[in-house]
Amino acid sequence: MKGDDIVKLSGGEIVIQALKDEGVEYVFGYPGGAVLHIYDAIYNQSDVEHILVRHEQGATHAADGYARSTGKPGVVLVTSGPGATNAITGIATAHLDSIPLIVLTGQVTSAFIGSDAFQEVDSVGISRPCVKHNFLVKRVEDIAETMKKAFHIATTGRPGPVVVDIPKDITDPAIKIDYVYPENLNIRSYNPTVQGNQRQIKKAVELILAAKRPMIYSGGGVILSNASEELTAFTQQLGFPITQTLMGLGAYPASGKESLGMLGMHGTYEANMAMHDCDTLVAIGARFDDRVTGELEKFCPHAKIIHVDIDPSSIAKNVQVDVPIVGDVKHVLVELSKELKLNKNKPDTKALEKWWKQIEGWKAGNCLRYDRNSALIKPQFVVEELHKVTNGDAFITSDVGQHQMFAAQFYPFDKPRQWINSGGLGTMGFGLPAALGVQLAHKDAVVACITGEASIQMCIQELSTALQYDLPVKIIMLNNRYMGMVRQWQEFFYESRYSQSYLKALPDFVKLAESYGHVGMQIDKPADVNGALTEAFAMKDKLVFMDFITDQTENVYPMIAAGKGHHEMHLQEECIPAQSSDRELA
Amino acid sequence: MRHIISILIENEAGALSRVAGLFSARGYNIESLTVAVTEDASLSRMTIVTSGSESIIEQINKQLNKLVDVVKVADITEGAHIERELMMVKVDAKEAASRDELQRLADIFKGRIVDVSDNIFTVELTGEGEKLDSFLKALNDVSIIETVRSGATGIARGKKALQV
């Protein structure tokens, strides 16, 4: 705003005006005592739409789904005390997956802070270990600048959630001050590195061009950096095989011929074997998570490693690398591609041909096979049919467990931001509220939530939010009456002692959906799967809750158990693929 | 290996808990931690003595730099540096002999007796940790009532400086 039209606003109004100035469309929240002044400011305007959830965890996941599907920050508004503590799970979820969120928490009146007042918790203290940064605003004069800082920090560098704790008294409508939203910021202690070091880039290119068995391993950082195009160009320029992490799926099209699918604990045989055997690994926007690496001592034993990441602390945290490049993935990929063209050497096509032949051998084992003649519905089949019915074009959110892995394995994602799941924290209850956030951001898009009967019950109350805002998401529930992944581990590692993983008393999900004002369907025969999905997705204006009664004993394969390397996967029994080329390599 | 990490951090409420919380959450050691404001009132300087393998120290450096409030981090043990710690020891010296002994030890260690009341003496001593340990050892016959140590602080020798 210019000097001549300065307006006087209360603290509560400043909070909302700052959101407008940041271009925020939606605030996901739940009112309470400490934020009533802010809610009054919301009431008096219509630029920022408030989405009333049914539990603060739902608010954070919905804002998170909005953020993941758009690349814009998600905004949450909750009250002090339990409002803030309920939001913590969602904040931690966003933190581990580096998702930009602004979480505004009400705080008790300044004079009461520290007195164990009603609905008082130390929100800054509680959230500290699971945010990128947080603030307690002490004066009404500081609100605008703090909001600016919060958005800046949340969305730049390695993104993440920022909590802004606002005591009630500084939002008092009786105290109005001049409002000016800062245009620029200089935070001397915060300057993320964007450009990669040129010398390191040159070194990386030398390694890449000398590779005989190269492998690209890319992660969620590519999506966060909007570098999907650059990654695709880089990969195709080289003709190297590429595998993607759970968080990175879609950055490189799954249907692309260089794609080996996902790697890691439930990655494909070909991706994991290629990781084990490669001589040069190019890690891009990925953080060598334990679910990806397996046993660190057995990780990529033959490889020189190049690691591109915007967060210096990601580099050499779990795995020592040969060429670290700190910078924004998008910038670094452009530089790498440029440098590759300038270099007089070219990739060793003969060696590559031999490497691809080896990979094709691994692929031929068809590690993702399952029994297609089963009389019971196989969860994999449902996901495959979902892919067909939605033309591979839907936004897919998921909860956490077997269904999440089946979704990642059997719904090939060709676009970034299409696959929305809690990869780092592994938060059950994420899928449904996240789907609501995605649908709000993409009103005409098809949004499906793949879930299980255990996960969905952790945030089932958001069915009510979906009705209030007419959000026609489709819930694909793979109902095996077990916490499937827990059951699988108990079968493998606890001699089938299914301790507390069986859900004895389940609701009638069809009636439950109906009582919330939605459509419910139950499907228990494989022959009905496609028809039911087609019928459900034809109901464009309705939330349809589909309860698929699936095979209780199905497991997720391949699987790398604790302490094992990439070449030591559990596979479906009938799957006998080619072995590692280890002997030749030695 | 023992390292002395110096940190310049915004002098704001909660800054200390961000650093302390980082160390406890990631399982890093803190042998000692000192903090005080600098000549620039907007900055605090923190000195942390820690230990760990090279890769852990590298992570500590990176993780500290990642904290939004941290302006600068340096491992001063990487180069020539001066390290100092302040200690005050309160002793009971009823016997004339032990009073003499105390005075003599304080002189040898370049300490000072800073308070005397009844038979209670307080000695102030500055130096590297090892020197303070030796002094305590040398006091063997004098009965110690109370000891307080500041934890180490340090500064690089020569031109090298931690500044904005």
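This briefing walks through the A/B interface, a pocket, the fold of chain B and a few local details.

The model is predicted, so keep the thresholds in mind: local features need pLDDT of at least 70, side-chain atom pairs count only at pLDDT 80 or more, and totals for chains, interfaces and linings use all residues. Residues are numbered from 1 along each chain as its sequence is written, chains are lettered from A and ligands numbered from 1 in the order in which they are written, and side-chain values use heavy atoms, with hydrogens and water left out.

**Where chain B meets chain A**

- On the chain B side 18 residues are in contact with 17 residues of chain A, contact being heavy atoms within 4.5 Å.
- The two chains bury about 1,400 Å² between them, with 47% of it on carbon and sulfur atoms; buried area here is the accessible area (1.4 Å probe) that two parts lose on being put together, summed over both.
- In chain B, the residues losing the most area to chain A are Arg18(B), Lys62(B) and Val68(B), and together they take 42% of what that side buries.
- The rule picks out three salt bridges across this interface, where a salt bridge is a side-chain nitrogen of Lys or Arg within 4 Å of a carboxyl oxygen of Asp or Glu.
- Arg188(A) forms a salt bridge with Asp40(B), and their closest N and O atoms are 4.0 Å apart.
- Between chain B and chain A there are 10 residue pairs in polar contact, both residues at pLDDT 80 or more; that term means a pair of N or O atoms within 3.5 Å, and within protein one must be able to donate a hydrogen and the other to accept it, while residues adjacent in sequence count only if both atoms are side-chain atoms.
- Helix H1 (15–25), helix H2 (54–66) and strand E4 (70–75) of chain B each supply at least two residues of the side that touches chain A.
- H2(B) gives the most to that side, with six residues.
- By type, the chain B side that touches chain A divides into six nonpolar, five polar and seven charged residues. Here Ala, Val, Leu, Ile, Met, Phe, Trp, Tyr, Cys and Pro count as nonpolar, Asp, Glu, Lys and Arg as charged, and the others, Gly among them, as polar.

**Chain B on its own**

- Chain B has four helices and nine strands; helices (H or I, at least four residues) and strands (E, at least two) are DSSP runs, numbered from the N terminus.
- Reading from the N terminus, the order of elements in chain B is β-α-β-β-α-β-β-α-β-β-α-β-β.
- Along the principal axes, the C-alpha atoms of chain B fill a box of roughly 55 × 35 × 35 Å.

**Local details in chain A**

- Tyr557(A) and Pro558(A) are joined by a cis peptide bond, with omega about -10°.
- Pro558(A) sits in the loop between strand E20 (544–549) and helix H21 (582–585) of chain A.
- Phe288(A) is not a glycine, yet has a positive phi of about 55°.
- You'll find Phe288(A) in the loop between strand E12 (280–284) and helix H11 (290–293) of chain A.

**Salt bridges overall**

- Over all chains, the structure holds 37 salt bridges.
- Asp47(A) forms a salt bridge with Lys20(A), with 3.7 Å between the closest N and O atoms.
- That pair links distant parts of the chain, 27 residues apart: Asp47(A) is in the loop between helix H2 (36–43) and strand E3 (49–52) of chain A, and Lys20(A) is in helix H1 (residues 11–21) of chain A.

**The second largest pocket**

- About 1,100 Å³ of space lies in the second largest pocket. On a 1 Å grid over the protein atoms alone, a pocket is an open set of points where a 1.4 Å probe fits, with protein on both sides within 12 Å along at least five of seven lines, and lining residues have an atom within 4 Å of a point. Grid points are joined across faces, edges and corners, and a volume is the space filled by probe spheres set on the points.
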